[in-house]
Amino acid sequence: MGLPTTTADAVVETTTAPTRRSRMYPWIVFALTFGLLLSDYMSRQVLSAVFPLLKTEWALSDSQLASLSSIVALMVGLLTLPLSLLADRWGRVKSLLLMAVLWSAATLLCALATNYEQMLGARFLVGVGEAAYGSVGIAVVLSVFAPRVHSALSGAFMGGGSFGSVIGVALGGVIAVNLGWRWSFAAMAVFGLILVALFRVLVSEKKLTEAAVHDDPAGFRAPLSSLFTTPAVLLAYVGGGLQMFTAGVLLAWLPSFFNRSYGLAPDKAGAMASIFVLAVGSGMVVCGIITDRVSRHDPAKKWTTAVVYGVLSLVFLGAGFQMPSGSAQLILIGIGAFFSAGSSGPIAAMVANLTHSSVRASAFGTLTLANNLLGLALGPFVVGLLADRFGLVTALQIAPLIYVVAIVALILGKRAYPAGRRKLAALTAIS
């Protein structure tokens, strides 16, 4: 049973009736920002499609190939928070445009690279450009929508990473086979630059301000310390990061699982894994929509839905990886994958509800940092260590247990939520 809606929640949920222009413009902002997110992940993951070609042409080792991928994740992890802080100060629209231009230009440099060192340098720039896009982009999107749809929008926005990854690998592979690997990178770069031009024409700080749904007094800037002084928001960061642990494991290790347990060739194993990657992304969207409906009159229920999604994923993935290979196992793993990152939207909405709008990009940057360090980076690494010692299947059986810790963090976060809302209301009142 959810906690009753607080006065502060009522203030956040109350917005003025939108005009005809404001009803359409937020969706334009969402479409363009989401499109750039697809470009972000397409540019990041297209490399996987051309691994075999680069390995042959430049005689690269597997560790060198891995470094071309990991350098992007490393830059994202290191730079997300500082660049999000800068975006809150300098301007989110200008920051998004600069980021997208940088990663698109860097992707074009990948197409022009003639050796490993040049490719590594270009991929480094891709990582720098993409570092804070997710956190700043979602802050822009949520600023023009009422809080009652924040979970759905957050889930859809985060799920875009899975969709962009699948598109990048699939489209990049087709282009590489027919035109050569360089054109795979060039196509991703051109797509990004076209979206940059559209974004530049249709989105501006002034237009965003006019369309914004204000839940805090204009002109007030909250101290950065407010990102870390509320127990509820700290628990949201921790729970959010840990619930991405197993999702990161699935994204990284399912191709190897299908190769080793089902005897599929690498290309077919990758194709099979892509179905489950799409399930992860679809679950983020659907779970966000469900959460918004359930919590329409009681925002605290977002915590409850996040816990439920974690429990479902724990049960189905835990059972699935215990079963022998076959259709039943695939069904259970598919259901577990669907819910594996379903908590992302609700948790992002809670972070938005617990932080001041003036530092919201920084708050999402902190959440992104937690997602990467505690989840997307840590999960695959830990499972790799466990796989070396016990085997991949045993490692995958152990991985879902991290949900237990995430669930505890989210339950404690729900208990601390009313106090966090009161603290935010008090911070806003002094402005």
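**Val-72.** I looked up Val-72 in this predicted model and noted that Val-72 counts as buried, because its relative accessibility is 0%, where the cut-off for buried is under 20%. I placed Val-72 in helix H4, which runs over residues 62–90. Setting aside residues up to four places away in sequence, I found that Val-72 touches Arg-44, Arg-123, Val-126, Gly-127 and Glu-130. I also checked Val-72 against Gly-192: the two are 120 residues apart in sequence, and their C-alpha atoms are 17 Å apart in space.

**Nonpolar core.** I then turned to the largest nonpolar core, which holds 114 residues, and recorded that Leu-54, Met-119, Phe-185 and Phe-364 are the ones that touch the most other members. Helix H2, residues 20–49, gives this core its largest share, namely eleven residues. For Phe-185 I listed the contacts beyond four places in sequence, and these are Val-46, Leu-47, Val-50, Thr-107, Cys-110, Ala-111 and Met-119.

**Confidence.** Finally I looked at the pLDDT of the chain, whose mean is 86, with 92% of the residues at 70 or more. Over residues 1–21 the pLDDT stays under 50, and for this stretch I noted 34 contacts in the model beyond four places in sequence.

Methods. Residues are numbered from 1 along each chain as its sequence is written. This is a predicted model: local features need pLDDT of at least 70, side-chain atom pairs count only at pLDDT 80 or more; totals for chains, interfaces and linings use all residues. Side-chain values use heavy atoms; hydrogens and water are left out. pLDDT is the predictor's confidence in each residue, from 0 to 100. Contact means heavy atoms within 4.5 Å. Helices (H or I, at least four residues) and strands (E, at least two) are DSSP runs, numbered from the N terminus. Buried means under 20% relative accessible area, exposed over 50%, partly exposed in between (1.4 Å probe, protein chains only). A nonpolar core is a set of buried Ala, Val, Leu, Ile, Met, Phe, Trp, Tyr and Cys residues joined through side-chain atoms within 4.5 Å.
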